[in-house]
Amino acid sequence: AVASFAAAIPAFAAKPLVMGFSQVGAESEWRTANTASIKDAAKKAGITLKFADAQQRQENQVKAIRSFIAQHVDVIAFSPVVESGWDTVLREAKAARIPVILTDRAVNVADKSLYVSFIGSDFVEEGRRAARWLLDYAKKNPAKQFNIVELQGTVGSAPAIDRKNGFQEVIAGNPKLKIIRSQTGDFTRAKGKEVMEAFLKSEGKNINVLYAHNDDMAIGAIQAIEEAGLKPGKDIIVVSIDGVKGAFEAMMQGKLNVTVECSPLLGPQLMQLAQDVVAGKPVPKRITVEEGVFPAEVAAKEFPNRKY
Ligand code: GYE
């Protein structure tokens with residue numbers, strides 16, 4: 001009787017949970033897959049999603065979060081474009097008693113109670129994995145010197161900072177491996193290509209390795225390498241991160257040597273987490289994603305299994 005009574009009167013029916021989500025942008029294949037995963041998982045979980053694309057600008061994210069607060073959403077989730085500068089707006093969310101979940105990227109705030117949980121990859125470990133692959137390669141080619149150019153992600157973003165540090169940590173102390181140039185390509189193909197062109201212009205044949213903080217920049221750079229008359233994957237070893245389909249295609253063509261996996265498929269876990277948080281259940285402060293490393297030799301075999 002209670003059930004039919006509830007169904008008959010809308011006010012008694014369970015209200016769907018409302019999530020405000022502020023996305024970084026649409027800068028890469030990774031991001032596109034991440035957005036699709038979040039939208040799809042929200043739909044499946046019966047969560048009403050208010051989605052805002054910040055076009056890689058922090059001020060747009062701050063605006064979106066303020067508008068979610070004004071709309072009294074049940075939970076706010078966001079992928080912070082950069083690490084710093086979030087204290088004020090997160091304090092506003094806390095004052096409005098709206099829980100905040102970080103996804104994908106971390107923030108740098110002194111007061112950790114400003115967010116309830118952070119779900120995403122271990123970017124430092126990804127940087128280490130990329131460097132370990134290169135160290136291994138260097139051991140197999142003892143005669144070679146490895147002058148590395150680095151394409152960094154968005155300045156001030158957690159993945160750019162962490163992937164740089166993790167990589168640096170592993171190559172440190174090995175005189176054969178040296179970063180000769182390092183610049184941001186903002187995680188996009190277009191800028192990856194542009195910066196690689198500049199690297200090639202100034203360093204030319206001096207470059208033995210490209211380390212790109214994501215596949216998109218690597219793919220852009222591969223084009224620049226080819227246009228300079230060199231063979232990517234051979235004349236210049238190419239190492240990158242994400243594991244998107246475009247990277248597997250480049251590996252199958254022999255143009256990319258390895259990609260370190262970073263999964264964008266965070267949607268289902270995020271929705272579960274949001275439901276638990278709103279239900280008042282205790283949740284872990286940090287949830288990391290399990291990932292692998294895919295060298296070119298396994299690309300053709302793995303390609304059919306790739307989901308993004
Ligand atoms: O590696 C890159 C994207 O934050 C992990 O952002 C993410 C990164 C990803 O643009 O492709």
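## A friendly walk through the model

1. **The annotated span.** UniProt, in an unreviewed entry, places the feature "domain: Periplasmic binding protein" at residues 20–281. Keep in mind as you read that the model is predicted. The end C-alpha atoms of residues 20–281 lie 20 Å apart, and the span is 45% helix and 19% strand.

2. **The whole protein.** The protein has 11 helices and 12 strands. Its radius of gyration is 22 Å, close to the 19 Å that the globule rule gives for 308 residues, so the protein is as compact as a globular protein of that length. Along the principal axes, the C-alpha atoms fill a box of roughly 80 × 40 × 30 Å.

3. **Burial and contacts.** Of the 308 residues in the protein, 48% are buried. If you take the contacts with a separation of 6 or more, 76% of them come from residues 24 or more positions apart.

4. **Helix α6.** This helix covers residues 158–171, which makes 14 residues. From first C-alpha to last, α6 reaches 20 Å, close to the 20 Å expected at 1.5 Å a residue.

5. **A close look at Val-124.** Not counting residues up to four places away in sequence, Val-124 touches Asp-162, Asn-165 and Gly-166. An α-helix has 3.6 residues a turn, so residues three or four places apart point the same way. Val-124 and Gln-168 are 44 residues apart in sequence, while their C-alpha atoms are 9.9 Å apart in space. Val-124 is partly exposed, because 18 other C-beta atoms lie within 10 Å, and a buried residue needs 20 or more.

6. **Around the ligand.** Which of the 13 residues around the ligand come nearest? They are Ser-28, Trp-30, Pro-159, Phe-187 and Asn-214. Helix α2 (29–45) and strand β9 each supply at least two residues of the shell. By type, the shell divides into 5 nonpolar, 2 polar and 6 charged residues.

7. **Helix α8.** The 13 residues of α8 (residues 215–227) should span 18 Å at 1.5 Å a residue, and the end C-alpha atoms are 18 Å apart, which agrees. Helix α8 is mostly covered, with 10 of its 13 residues buried, including Asp-215, Met-217, Ile-219 and Ile-225. Just after α8, Gly-229 takes a positive phi of about 80°.

8. **Positive phi without glycine.** Gln-55 has a phi near 50°, a positive value in a residue other than glycine. Gln-55 sits in the loop between β2 (48–53) and α3 (58–70), and counts as partly exposed because it has 13 C-beta neighbours inside 10 Å. Arg-97 is not a glycine either, yet has a positive phi of about 60°. Its place is in the loop between α4 (87–95) and β4 (100–103). With 7 other C-beta atoms within 10 Å, Arg-97 is exposed.

Note on methods:
Residues numbered from 1 in each chain as written. Predicted model: local features only at pLDDT ≥ 70, side-chain atom pairs only at ≥ 80, totals over all residues. Helix = DSSP H or I, 4+ residues; strand = E, 2+ residues; numbered from the N terminus. Expected span 1.5 Å × (residues − 1). Near = placed C-beta within 6 Å. Nonpolar A, V, L, I, M, F, W, Y, C, P; charged D, E, K, R; others polar. Rg over C-alpha atoms; globule rule 2.2 N^0.38 Å. Buried ≥ 20, exposed ≤ 12 C-beta atoms within 10 Å, placed from the backbone. Contact = placed C-beta atoms within 7 Å. UniProt positions renumbered as here; feature names shortened; annotations may be inferred.
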